[in-house]
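Q: Hey, I've got a structure open and I'm a bit lost. Can you walk me through it?

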Amino acid sequence: MLVVDLILGAVVALVCGLDRVAALQIMISRPIVAAPLAGWLLGDIEVGLQIGMMIELLWLARLPVGAAVPPDDTQVAVAGTVLSIGMGKLLGHNGLEFILLCLLVATSLGKLGQFFDRFARLQNRQTMEKAEAAFNAGDLSAAQRCHLAGVFRFALAALGTYGVIVAGGFLLVPVLSPILLSGLKHSADWIRIALPLIGIAVILGTINVSRSLTLFSASFGMAFLLMWLV
Amino acid sequence: MKLSPLTRLRVWLRLFLLQGSWNFERLQGLGFFFALYPALQKLYRGEQLQQVSHEHAAYFNTHPFLAPSVAGAVLELEERRSRGEELPVDIQEFKEMVAAPYAAVGDALFWGGLRPVAAGVSLLFAVKGIVLAPLVFLVLFNLPPMWFRVFGFIHGYRKGIRSMEFLQRHRLPDWAIRTKETAVVLLGGLGAFMVFQQLQVVDAPKILGFSVIPLVILLGLCARRGMSVLVLVLVTTAVIIFVSLFGVDPTGWMSI
């Protein structure tokens, strides 16, 4: 069953990974979509929803502008969901604290995954050189195939990132669970809301809007007061 | 020669793969050629086709949702060039002229504004455990970009070089600023909702909720000074675990 879970996760990682840059860009790559999708296929959409909710805002402020390569939050979301559900079944753990442990491991390993994304883009330079040769030879079909080879490279990069996070997770989660699960048990509810709040803070810190702190404070204060008093 | 609707549709569909071979040298260059190829093939033959195709594979970078507007206008210009008409501007110059402003407006409007708005609304559903939250995000986010992708292409093809006026006439940069402001207000409401719900669950004094505002501002300042998200996550998590491990309950102080 674990193999099936890993394969289903890989399919989601591939499709959503392509949506990030290479194809469509209809935002199925966002964690709030990719993680519940993976969770649904693995039989526990609630876990995916929790993970998507916690990391959706974290890297939202890192815009894919020009030559910038934002961290791969898609694979963190998908691999985090697969680890939570797959490893949960294997180790007999469930609950928010285990989801958080898997998510923290996936988030840390996600940094390594950026290497694959960058590598695919660097490799596409060679594709460009091949396409140049094809243009000079008048072989325009070959030039088009070079473009499609780029899509294939992005697909491999997505799978590579997913593979690294899942493999690393399978090694780290069993080691870390006896150490961290008891600590997370008492703090899980607070960490659950702390992560989206960090995301909001990062957006506020980087968004180019005048009076953003005033707007945020006013809307937070008003909404909070309304909920408190009404 | 006039391009058939089917050929234009093929170009439009291929624009969904615009960034397929994205690289640090020419960014979307090869992708732009790939998208236009079905049309170029109809308009040119032999060496001319080879030369024009090669030209379109040069450096090109714009926002993927506004690229159809550029592609539509380029198709109209290519039609005219293939008929031997004199063009008011060189096609490569036109691409260079519109790509950067379209990229700047698109990045600010779609990535910087619309995406946080759609995320904020869908997270309100997710916090309540409503499993349709991803669908809410997809619908909210995709409606405006799809409109730009469809009508931008049609408008670009109809108006040609004059399609550039669209950006000014509809004041898209102003819309980008307004959308970002909406995102900030919405995220404030979302933060308040999450904190209020949590305080209710642990039955803590509600006044504590207001302490989140300076904490968020502090974290935002850390992010602005270059602290990475990963460090912020790990440090915050460690602090929360540490506090709870030692049995410190700040919410308890207020209820005494």
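Predicted model: local features only at pLDDT ≥ 70, side-chain atom pairs only at ≥ 80, totals over all residues.

Q: What does the C-alpha trace of chain B span along its principal axes?

A: About 85 × 30 × 30 Å.

Q: OK, what share of chain B counts as buried?

A: That's 44% of its 256 residues. As for contacts in chain B with a separation of 6 or more, 73% of them come from residues 24 or more positions apart.

Q: Switching to chain A. How many helices and strands there?

A: Chain A has 7 helices and 0 strands. Its C-alpha atoms fill a box of roughly 75 × 50 × 25 Å along the principal axes.

Q: What percentage of chain A is buried?

A: Of its 230 residues, 56% count as buried. In chain A, residues 24 or more positions apart make up 74% of the contacts with a separation of 6 or more.

Q: Tell me about H2(A), then. Is it mostly enclosed or open?

A: Largely enclosed by the rest of the structure, because 10 of its 11 residues are buried. Among them are A:Pro31, A:Val33, A:Ala34, A:Leu37 and A:Leu41.

Q: What covers those buried residues of H2(A)?

A: The cover includes helix H1 (2–20), helix H3 (45–55) and helix H4 (73–91) of chain A, and also H5 and H6 of chain B. So that you can find where H2(A) leaves off, look for A:Gly43, which follows H2(A) and has a positive phi, near 95 degrees.

Q: Where do A:Gln25 and A:Arg211 sit?

A: A:Gln25 lies in the loop between H1 and H2 of chain A, and A:Arg211 lies in the loop between H6 and helix H7 (212–229) of chain A.

Q: Is A:Gln25 buried or exposed? And A:Arg211, buried or exposed?

A: A:Gln25 is buried, because 22 other C-beta atoms lie within 10 Å and the cut-off for buried is 20 or more. A:Arg211 has 11 other C-beta atoms within 10 Å, so A:Arg211 is exposed.

Q: New topic: how many residues of chain B are in contact with chain A?

A: 75 residues of chain B are in contact with 81 residues of chain A. H8(B) gives the most to the side of chain B that touches chain A, with 15 residues.

Q: How does that side of chain B split by class?

A: There are 46 nonpolar, 21 polar and 8 charged residues on the side of chain B that touches chain A.

Q: Last one: which residues in the largest nonpolar core touch the most other members?

A: The core has 151 residues, and those that touch the most other members include A:Ala34, A:Ile198 and B:Leu36. Helix H6 (residues 140–206) of chain A gives the most to this core, with 24 residues. Domain 1 and domain 2 of chain B both give residues to this core, so it lies between them.

Q: What does A:Ile198 contact, apart from its neighbours within four places in sequence?

A: A:Ile198 is in contact with A:Leu58 in chain A, plus B:Leu219, B:Leu232, B:Val233 and B:Thr236 in chain B.

Note on methods:
Residues numbered from 1 in each chain as written. Chains lettered and ligands numbered in written order. Buried ≥ 20, exposed ≤ 12 C-beta atoms within 10 Å, placed from the backbone. Contact = placed C-beta atoms within 7 Å. Core = buried A, V, L, I, M, F, W, Y, C linked by C-beta atoms within 7 Å. Helix = DSSP H or I, 4+ residues; strand = E, 2+ residues; numbered from the N terminus. Domains from an automatic or database assignment. Nonpolar A, V, L, I, M, F, W, Y, C, P; charged D, E, K, R; others polar.
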